[in-house]
Amino acid sequence: MLRADLAFPRRFLTSLLGACAFVGASAQAADKPLDVPYVPTPQQVVDRMLELGEVTKDTYVIDLGSGDGRIPVTAAKEHGARAMGVDLNPQRISEANENAKKAGVTDKVSFKQQDLFDTPIGEAQVLTMYLLPRVNVQLRPRILSEMTPGSRVVSHAFDMAEWEPDQRESVDGRTVYLWIVPAQVGGNWKVEGDKPFSLALEQQFQKVTGKATMDGKTVELTDVSLRGDELRFSLDGTAHTVRVTKDGLQAQDGSWKAVKA
Ligand SMILES: C[S@@+](CC[C@H](N)C(=O)[O-])C[C@H]1O[C@@H](n2cnc3c(N)ncnc32)[C@H](O)[C@@H]1O
(Lines give C-alpha, C1' and ligand atoms only; values in the text may rest on other atoms or scores of the structure.)
Protein backbone atom coordinates (compact mmCIF):
# COMPACT_ATOMS: atom_id res chain seq x y z
CA MET A 1 0.00 0.00 0.00
CA LEU A 2 2.88 2.33 0.86
CA ARG A 3 4.35 1.78 -2.60
CA ALA A 4 1.09 2.85 -4.23
CA ASP A 5 0.85 5.87 -1.93
CA LEU A 6 4.31 6.99 -2.88
CA ALA A 7 3.94 6.11 -6.52
CA PHE A 8 0.82 8.12 -7.20
CA PRO A 9 2.14 11.63 -6.53
CA ARG A 10 5.11 10.73 -8.72
CA ARG A 11 2.69 9.59 -11.41
CA PHE A 12 0.76 12.84 -10.97
CA LEU A 13 3.94 14.91 -11.19
CA THR A 14 4.87 13.03 -14.38
CA SER A 15 1.42 13.91 -15.75
CA LEU A 16 2.09 17.47 -14.64
CA LEU A 17 5.29 17.62 -16.70
CA GLY A 18 3.47 16.04 -19.62
CA ALA A 19 0.72 18.61 -19.26
CA CYS A 20 3.06 21.59 -19.31
CA ALA A 21 2.43 22.34 -22.97
CA PHE A 22 -1.27 22.19 -22.21
CA VAL A 23 -0.88 24.46 -19.20
CA GLY A 24 0.87 26.98 -21.43
CA ALA A 25 -1.97 26.81 -23.96
CA SER A 26 -4.68 27.23 -21.34
CA ALA A 27 -2.71 30.00 -19.67
CA GLN A 28 -3.53 32.01 -22.78
CA ALA A 29 -7.21 31.18 -22.46
CA ALA A 30 -7.29 32.25 -18.82
CA ASP A 31 -5.45 35.41 -17.80
CA LYS A 32 -3.58 33.68 -15.02
CA PRO A 33 -1.46 30.54 -15.52
CA LEU A 34 -2.97 27.39 -14.06
CA ASP A 35 -1.64 26.39 -10.65
CA VAL A 36 -2.40 22.72 -11.38
CA PRO A 37 -2.72 20.85 -14.70
CA TYR A 38 -5.88 18.98 -15.64
CA VAL A 39 -5.83 15.34 -14.58
CA PRO A 40 -9.28 13.86 -13.85
CA THR A 41 -10.06 11.85 -10.71
CA PRO A 42 -11.19 8.28 -11.57
CA GLN A 43 -14.93 7.85 -10.96
CA GLN A 44 -14.41 5.19 -8.28
CA VAL A 45 -12.26 7.64 -6.33
CA VAL A 46 -14.84 10.44 -6.81
CA ASP A 47 -17.52 8.14 -5.37
CA ARG A 48 -15.46 7.34 -2.28
CA MET A 49 -14.46 11.00 -1.75
CA LEU A 50 -18.14 11.96 -1.56
CA GLU A 51 -18.91 9.08 0.81
CA LEU A 52 -16.02 10.06 3.07
CA GLY A 53 -17.32 13.65 3.10
CA GLU A 54 -20.76 12.31 4.13
CA VAL A 55 -22.43 14.20 1.29
CA THR A 56 -26.23 14.19 1.45
CA LYS A 57 -29.04 16.20 -0.14
CA ASP A 58 -28.46 18.85 2.57
CA THR A 59 -24.80 19.32 1.72
CA TYR A 60 -23.31 22.15 -0.32
CA VAL A 61 -20.15 20.92 -2.04
CA ILE A 62 -17.46 23.13 -3.59
CA ASP A 63 -14.82 21.56 -5.84
CA LEU A 64 -11.78 23.79 -6.26
CA GLY A 65 -10.35 23.24 -9.75
CA SER A 66 -13.35 21.29 -11.00
CA GLY A 67 -12.07 20.06 -14.39
CA ASP A 68 -14.88 18.37 -16.33
CA GLY A 69 -17.18 18.75 -13.31
CA ARG A 70 -17.32 15.09 -12.33
CA ILE A 71 -17.19 15.73 -8.54
CA PRO A 72 -20.01 18.35 -8.38
CA VAL A 73 -22.09 16.43 -10.96
CA THR A 74 -21.75 13.15 -9.01
CA ALA A 75 -22.55 14.94 -5.71
CA ALA A 76 -25.82 16.20 -7.24
CA LYS A 77 -26.77 13.09 -9.21
CA GLU A 78 -25.94 10.41 -6.64
CA HIS A 79 -26.50 12.30 -3.36
CA GLY A 80 -28.95 15.08 -4.29
CA ALA A 81 -26.46 17.70 -3.04
CA ARG A 82 -26.07 21.26 -4.28
CA ALA A 83 -22.63 21.78 -5.68
CA MET A 84 -20.38 24.35 -7.30
CA GLY A 85 -17.15 23.98 -9.22
CA VAL A 86 -14.61 26.60 -10.20
CA ASP A 87 -11.92 26.31 -12.83
CA LEU A 88 -9.70 28.84 -14.56
CA ASN A 89 -9.85 27.03 -17.88
CA PRO A 90 -12.94 28.01 -19.94
CA GLN A 91 -12.78 24.74 -21.89
CA ARG A 92 -13.17 22.78 -18.62
CA ILE A 93 -16.14 24.98 -17.63
CA SER A 94 -17.89 24.23 -20.98
CA GLU A 95 -17.28 20.48 -20.51
CA ALA A 96 -18.55 20.64 -16.92
CA ASN A 97 -21.74 22.49 -17.96
CA GLU A 98 -22.27 19.94 -20.73
CA ASN A 99 -21.83 17.05 -18.24
CA ALA A 100 -24.27 18.66 -15.78
CA LYS A 101 -26.81 18.93 -18.61
CA LYS A 102 -26.32 15.28 -19.62
CA ALA A 103 -26.75 14.17 -15.99
CA GLY A 104 -29.91 16.30 -15.58
CA VAL A 105 -28.55 18.22 -12.58
CA THR A 106 -28.32 21.81 -13.87
CA ASP A 107 -30.80 22.87 -11.16
CA LYS A 108 -28.37 21.74 -8.44
CA VAL A 109 -24.93 22.42 -9.92
CA SER A 110 -23.14 25.49 -11.18
CA PHE A 111 -19.68 26.13 -12.57
CA LYS A 112 -17.76 29.39 -12.56
CA GLN A 113 -14.66 30.34 -14.45
CA GLN A 114 -12.67 31.84 -11.62
CA ASP A 115 -9.49 31.49 -9.61
CA LEU A 116 -9.81 29.01 -6.74
CA PHE A 117 -7.80 31.42 -4.58
CA ASP A 118 -10.54 34.06 -5.05
CA THR A 119 -13.39 31.63 -4.35
CA PRO A 120 -15.23 32.07 -1.03
CA ILE A 121 -15.44 28.65 0.67
CA GLY A 122 -17.24 29.48 3.93
CA GLU A 123 -20.64 28.24 2.74
CA ALA A 124 -19.42 24.74 1.82
CA GLN A 125 -20.05 21.83 4.15
CA VAL A 126 -17.74 19.75 1.95
CA LEU A 127 -14.74 21.08 0.06
CA THR A 128 -13.16 18.72 -2.46
CA MET A 129 -9.83 19.12 -4.19
CA TYR A 130 -7.35 17.40 -6.43
CA LEU A 131 -4.65 20.02 -6.54
CA LEU A 132 -0.99 19.98 -5.47
CA PRO A 133 0.70 19.94 -2.03
CA ARG A 134 1.77 23.60 -2.28
CA VAL A 135 -1.75 24.70 -3.23
CA ASN A 136 -3.33 22.65 -0.42
CA VAL A 137 -1.02 24.25 2.13
CA GLN A 138 -1.76 27.72 0.73
CA LEU A 139 -5.49 27.06 1.20
CA ARG A 140 -5.07 25.74 4.75
CA PRO A 141 -5.41 29.03 6.72
CA ARG A 142 -8.53 29.95 4.73
CA ILE A 143 -10.08 26.53 5.35
CA LEU A 144 -9.48 26.90 9.08
CA SER A 145 -10.79 30.47 9.31
CA GLU A 146 -13.62 30.47 6.73
CA MET A 147 -15.21 27.04 7.00
CA THR A 148 -17.64 26.14 9.78
CA PRO A 149 -16.28 23.70 12.38
CA GLY A 150 -17.47 20.20 11.52
CA SER A 151 -17.40 20.77 7.76
CA ARG A 152 -15.25 18.39 5.77
CA VAL A 153 -12.34 18.69 3.36
CA VAL A 154 -11.60 15.75 1.06
CA SER A 155 -8.44 15.70 -1.04
CA HIS A 156 -7.37 13.27 -3.72
CA ALA A 157 -3.66 12.39 -3.60
CA PHE A 158 -2.22 15.27 -1.59
CA ASP A 159 -2.13 16.06 2.11
CA MET A 160 -1.88 19.32 4.06
CA ALA A 161 1.57 18.92 5.61
CA GLU A 162 1.43 19.40 9.42
CA TRP A 163 -2.38 19.27 9.49
CA GLU A 164 -2.77 15.52 9.72
CA PRO A 165 -5.89 14.01 8.18
CA ASP A 166 -8.67 12.62 10.38
CA GLN A 167 -8.88 9.71 7.93
CA ARG A 168 -6.80 8.41 5.05
CA GLU A 169 -7.76 5.67 2.66
CA SER A 170 -6.37 3.92 -0.36
CA VAL A 171 -8.89 3.67 -3.21
CA ASP A 172 -7.94 1.94 -6.42
CA GLY A 173 -4.25 2.71 -5.74
CA ARG A 174 -4.94 6.40 -5.00
CA THR A 175 -4.83 8.02 -1.59
CA VAL A 176 -7.82 9.99 -0.36
CA TYR A 177 -7.63 12.25 2.72
CA LEU A 178 -10.40 13.55 4.97
CA TRP A 179 -10.13 16.44 7.43
CA ILE A 180 -12.87 17.61 9.79
CA VAL A 181 -12.52 21.38 10.22
CA PRO A 182 -11.78 21.92 13.93
CA ALA A 183 -13.23 24.72 16.07
CA GLN A 184 -10.69 27.16 17.48
CA VAL A 185 -10.34 26.37 21.19
CA GLY A 186 -6.73 27.31 22.01
CA GLY A 187 -6.24 29.88 24.78
CA ASN A 188 -7.33 30.51 28.36
CA TRP A 189 -10.91 29.98 29.44
CA LYS A 190 -12.79 31.00 32.58
CA VAL A 191 -15.25 28.27 33.55
CA GLU A 192 -18.42 29.42 35.30
CA GLY A 193 -20.59 26.91 37.12
CA ASP A 194 -21.03 25.27 40.53
CA LYS A 195 -17.27 24.82 40.81
CA PRO A 196 -15.47 27.60 38.88
CA PHE A 197 -12.08 26.73 37.39
CA SER A 198 -9.81 27.89 34.61
CA LEU A 199 -8.77 26.00 31.51
CA ALA A 200 -5.61 26.56 29.48
CA LEU A 201 -5.84 24.83 26.10
CA GLU A 202 -3.12 24.43 23.53
CA GLN A 203 -4.21 23.59 19.99
CA GLN A 204 -2.49 22.52 16.84
CA PHE A 205 -5.20 21.90 14.23
CA GLN A 206 -7.44 19.14 15.73
CA LYS A 207 -4.90 18.17 18.40
CA VAL A 208 -5.54 19.70 21.80
CA THR A 209 -3.79 19.44 25.15
CA GLY A 210 -4.68 21.34 28.27
CA LYS A 211 -4.60 21.98 31.98
CA ALA A 212 -7.28 22.94 34.45
CA THR A 213 -6.66 24.98 37.58
CA MET A 214 -9.07 24.77 40.48
CA ASP A 215 -8.50 26.08 44.03
CA GLY A 216 -4.83 26.73 43.17
CA LYS A 217 -4.26 23.14 42.01
CA THR A 218 -3.37 22.48 38.36
CA VAL A 219 -4.06 19.13 36.65
CA GLU A 220 -3.53 17.89 33.10
CA LEU A 221 -6.61 17.09 31.05
CA THR A 222 -6.65 13.53 29.75
CA ASP A 223 -8.38 11.81 26.80
CA VAL A 224 -8.67 15.14 25.00
CA SER A 225 -10.24 15.07 21.54
CA LEU A 226 -11.67 17.71 19.20
CA ARG A 227 -13.91 16.77 16.30
CA GLY A 228 -15.46 19.77 14.61
CA ASP A 229 -17.17 21.75 17.37
CA GLU A 230 -17.18 18.90 19.92
CA LEU A 231 -14.43 18.94 22.54
CA ARG A 232 -14.08 16.05 24.93
CA PHE A 233 -11.76 15.61 27.87
CA SER A 234 -11.48 13.97 31.28
CA LEU A 235 -10.68 15.96 34.38
CA ASP A 236 -10.05 14.22 37.70
CA GLY A 237 -11.79 11.10 36.40
CA THR A 238 -14.88 12.96 35.15
CA ALA A 239 -15.59 12.93 31.40
CA HIS A 240 -16.71 16.24 29.86
CA THR A 241 -18.34 16.70 26.46
CA VAL A 242 -18.31 20.32 25.42
CA ARG A 243 -19.84 22.22 22.49
CA VAL A 244 -17.72 25.06 21.12
CA THR A 245 -19.96 27.97 20.08
CA LYS A 246 -19.32 31.56 19.04
CA ASP A 247 -20.18 32.56 22.63
CA GLY A 248 -17.73 30.16 24.25
CA LEU A 249 -17.65 26.62 25.61
CA GLN A 250 -20.81 24.93 26.79
CA ALA A 251 -20.79 21.64 28.71
CA GLN A 252 -23.29 19.30 27.07
CA ASP A 253 -24.92 18.40 30.42
CA GLY A 254 -25.47 22.11 31.12
CA SER A 255 -23.30 22.03 34.28
CA TRP A 256 -20.89 24.76 33.13
CA LYS A 257 -19.96 27.21 30.44
CA ALA A 258 -16.74 29.06 29.76
CA VAL A 259 -15.73 32.33 28.18
CA LYS A 260 -12.30 33.43 26.96
CA ALA A 261 -10.26 34.75 29.93
C1 LIG B 1 -6.00 17.87 -11.20
S2 LIG B 1 -7.35 18.70 -11.99
C3 LIG B 1 -8.72 18.15 -11.00
C4 LIG B 1 -10.03 18.16 -11.74
C5 LIG B 1 -11.23 17.65 -10.92
N6 LIG B 1 -11.35 18.31 -9.63
C7 LIG B 1 -11.12 16.18 -10.68
O8 LIG B 1 -10.78 15.79 -9.54
O9 LIG B 1 -11.36 15.40 -11.64
C10 LIG B 1 -7.06 20.39 -11.44
C11 LIG B 1 -7.94 21.44 -12.09
O12 LIG B 1 -7.65 22.70 -11.49
C13 LIG B 1 -7.77 23.72 -12.47
N14 LIG B 1 -7.00 24.86 -11.97
C15 LIG B 1 -5.66 25.02 -11.91
N16 LIG B 1 -5.32 26.16 -11.32
C17 LIG B 1 -6.50 26.78 -10.98
C18 LIG B 1 -6.83 27.98 -10.30
N19 LIG B 1 -5.90 28.82 -9.85
N20 LIG B 1 -8.13 28.27 -10.11
C21 LIG B 1 -9.11 27.44 -10.55
N22 LIG B 1 -8.85 26.28 -11.19
C23 LIG B 1 -7.57 25.94 -11.40
C24 LIG B 1 -7.22 23.07 -13.73
O25 LIG B 1 -7.71 23.70 -14.88
C26 LIG B 1 -7.73 21.63 -13.59
O27 LIG B 1 -8.95 21.46 -14.26
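The ligand takes up the space of the largest cavity in this predicted model. Here a molecule sits in a cavity or pocket if more than half of its atoms lie within 2 Å of its grid points. The model is predicted, and local features need pLDDT of at least 70, side-chain atom pairs count only at pLDDT 80 or more, and totals for chains, interfaces and linings use all residues. Residues are numbered from 1 along each chain as its sequence is written, and side-chain values use heavy atoms, with hydrogens and water left out.

One cavity of 30 Å³ or more was found. The largest cavity holds about 350 Å³ of space, a volume being the space filled by probe spheres set on points joined across faces, edges and corners. Its lining counts 27 residues, and P37, G65, S66, G67 and D87 are the closest to its centre. Lining residues have an atom within 4 Å of a point. Helix α4 (70-79) and strand β2 (82-87) each supply at least two residues of this lining. Helices (H or I, at least four residues) and strands (E, at least two) are DSSP runs, numbered from the N terminus. By class, the lining has 14 nonpolar, six polar and seven charged residues. Ala, Val, Leu, Ile, Met, Phe, Trp, Tyr, Cys and Pro count as nonpolar, Asp, Glu, Lys and Arg as charged, and the others, Gly among them, as polar.

Around the ligand stand 22 residues, of which D35, T41, G65, D87 and L116 come nearest. Polar contacts (N or O pairs within 3.5 Å) reach nitrogen atoms of the ligand. A polar side-chain atom of D63 lies at 3.0 Å. The protein covers 100% of the 600 Å² of accessible area that the ligand has on its own (Shrake-Rupley method, 1.4 Å probe).

The largest pocket has a volume of about 290 Å³. A pocket is an open set of points with protein on both sides within 12 Å along at least five of seven lines. Of its 13 lining residues, K195, F197, M214, H240 and W256 are the closest to its centre. Strand β14 (residues 238-245) gives the most to this lining, with three residues. Five nonpolar, four polar and four charged residues make up the lining.

How values were computed
A residue is near a molecule or strand if one of its heavy atoms lies within 4 Å of it. A polar contact is a pair of N or O atoms within 3.5 Å; within protein, one must be able to donate a hydrogen and the other to accept it, and residues adjacent in sequence count only if both atoms are side-chain atoms. On a 1 Å grid over the protein atoms alone, a cavity is a set of points where a 1.4 Å probe fits but cannot get out, and a pocket is an open set with protein on both sides within 12 Å along at least five of seven lines; lining residues have an atom within 4 Å of a point.
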